[in-house]
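Open the model in your viewer and keep the selection tool ready. This tour goes from one residue to the whole chain.

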Amino acid sequence: MGVLKMKPHRLAYWLMTDGYVDENGDPHEGERTLVDYCECDLKPAGSANVIQFEDGVAESYSYTIYLPANSRKFKRGDKIVVTYFDLQTEFIVKGFQRYQLQCKIWV
């Protein structure tokens, strides 16, 4: 009998470095680096797939991602990558909420 993993997915996020202009006036683009972060649990959205935030903005989302309580804070608009079933999918964060025992990201 197989063992069921409660958090079968991996979450990574894009770390962006700013571009710069060198002493010769030549512009250099910033770099994107994918940082492997933690295990997570990805759940598809049910029928109520719109969330209202404190600032009055309502966002529709497709998935909810559950993270450990001590996770870093993600901002609206951050780009993350979730690996599941050997597939990598990039999402844009629609919302983040920290709770006592877990964190949620809506994408």
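Leaving aside its neighbours within four places in sequence, which residues is Thr64 in contact with? Select Asp41, Leu42, Lys43, Lys104, Ile105 and Trp106: these are the contacts of Thr64, where contact means heavy atoms within 4.5 Å. Thr64 is found in strand β7, residues 63-68. Its relative accessible area is 8%, so Thr64 is buried (under 20% relative accessible area, 1.4 Å probe, protein chains only).

A word on the model. It is predicted: local features need pLDDT of at least 70, side-chain atom pairs count only at pLDDT 80 or more, and totals for chains, interfaces and linings use all residues. Residues are numbered from 1 along each chain as its sequence is written, and side-chain values use heavy atoms, with hydrogens and water left out.

Next, the largest nonpolar core. It has 17 residues, and those touching the most other members are Leu11, Ile65, Leu67, Phe74, Ile80, Val82 and Ile105. Such a core is a set of buried Ala, Val, Leu, Ile, Met, Phe, Trp, Tyr and Cys residues joined through side-chain atoms within 4.5 Å.

Now select Phe74. Not counting residues up to four places away in sequence, Phe74 touches Leu11, Tyr13, Tyr37, Leu67, Ile80, Val93, Phe96 and Ile105.

Finally, zoom out. The protein has 0 helices and 11 strands; strands are DSSP runs (E, at least two residues), and helices are runs of H or I, at least four residues. Of its 107 residues, 28% count as buried. The C-alpha atoms fill a box of roughly 60 × 45 × 25 Å, taken along the principal axes.

Terms used. Buried < 20%, exposed > 50% of the residue type's maximum accessible area, 1.4 Å probe, protein only.
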